[in-house]
Amino acid sequence: MSVTTESGADRARFTAAVLGPDTAPVPTPLGTRVARGVVVGVTSYMLCLATERGEERFLFERITTFWRGGEVGPEDLRVGDDVVVRCSHDGRLVAERVWARLARATGVIVSRQGESVEIDPGHGKPHRNVVLPYRTSGRISVRHPRLEPGYVFDAVGVWRDGDIWAARPATTQPPYPLRSTPRRPPVRTHTDTLNGIATWYDPAWGRATHLDPRALATGAAYPALDRDSHSAGCDARTPCVPLPQVSVGARMTLRNDCTRETGVLEILGCAAADSWLCDLCPACGGQGAGRVASLTLASFVALGGRPEEGCFNATVTVASGEG
């Protein structure tokens, strides 16, 4: 999936010119609070990263927390780790939360061999090998009891030697294979504002900014694209949420209902897997079932999300006239 949408930008300008500026709001700059890079040094009070800005240092406070497949301390970070930092509201120099080697595996199981499953993320993306280590396999199996070809899989973990090592499930697996999903009746009417679940994906697949410019891309993939706006197609089903069809390059306003943080995001491409699931997000007691968008990792973190939880409850408003 491309994260540059020149035709989408042109479409937004045309929409704003014809229907007014409110129909194509300007995307919110989210990058100032999120940093990503490779660890070049770490102490008990400071992290040094090689980022797109050069070498940056981030101070730790008493409340700074760390995740690397589980809750860890700064001593567990390693030189060479791909790290995402959410900075404090008080300034970019202080790290509020640090994640190392973040990975997510969302897709359909193709095969299983021993402690590993091969998954197909859909939408023409390459298959990924997911390792289910013994110490986390029990936790995974509680919410993913059928690790067989054809069943949906969704877990958060860490990158290791090119594989994803699953640490915790991101959802509860449907009790049937994807091909047997009950048909959802099409919805004839839609509203511009919807409640549901926002998830995340990493467009750089674990490669930090100096290796892949997509690492800090902002925006979201969407599970209800119109047929003409995405040349590569979108292997989506009828989504659980009655989403209006929109085009790549459209804009949506998304609010994290847990933190109340809000941003305007550009739709970058297809979120096919979001249409395969009709799940709930346990974050802050939300009740809205179904996925409304899959944010880039940078956008998800900037809007207050905790990637290890996999989701947050969200309210989405699709700009009128973009559909």
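## Strand β10 and its partners

In strand β10, V152 is the bridge partner of V108, and the two strands β7 and β10 pair in the antiparallel sense over seven bridges, where pairing requires that DSSP finds at least two bridges between two strands. The model is a predicted one, in which local features need pLDDT of at least 70 and side-chain atom pairs count only at pLDDT 80 or more, while totals for chains, interfaces and linings use all residues. Residues are numbered from 1 along each chain as its sequence is written, and side-chain values use heavy atoms, with hydrogens and water left out. Helices (H or I, at least four residues) and strands (E, at least two) are DSSP runs, numbered from the N terminus.

Strand β10 also runs antiparallel to β11, to which six bridges join it, and V158 stands opposite W165 in β11. These two strands form a hairpin with two residues between them, and D161 in the turn has a positive phi of about 55°. Eight of the nine residues of β10 are buried, that is, under 20% relative accessible area with a 1.4 Å probe and protein chains only.

## The barrel and its helix

The strands belong to a closed barrel of five, which runs β7-β8-β9-β11-β10 with mixed pairing. Neighbouring strands of this sheet are turned by 55° against each other on average, direction ignored, with axes taken as lines fitted to C-alpha atoms, for helices over the stretch in contact, and angles running from 0 to 180 degrees between N-to-C directions. Helix α2 (residues 134-143) packs on the sheet, touching β10 (152-160) and β11 (163-169), where contact means heavy atoms within 4.5 Å; the direction of α2 makes about 65° with that of β11.

Strand β7 (residues 102-113) is joined by five bridges to the antiparallel strand β8 (residues 116-120), and in β8 the bridge partner of I109 is I119.

## The enclosed space

A cavity is a set of points on a 1 Å grid over the protein atoms alone where a 1.4 Å probe fits but cannot get out, and its lining residues have an atom within 4 Å of a point. One cavity of 30 Å³ or more is counted, and about 320 Å³ of space lies in the largest cavity. Of the 25 residues that line the largest cavity, T106, K125, W200, Y201 and S294 are the closest to its centre.

Strand β7 gives the most to this lining, with five residues.

Conventions: Buried means under 20% relative accessible area, exposed over 50%, partly exposed in between (1.4 Å probe, protein chains only). On a 1 Å grid over the protein atoms alone, a cavity is a set of points where a 1.4 Å probe fits but cannot get out, and a pocket is an open set with protein on both sides within 12 Å along at least five of seven lines; lining residues have an atom within 4 Å of a point. Grid points are joined across faces, edges and corners, and a volume is the space filled by probe spheres set on the points.
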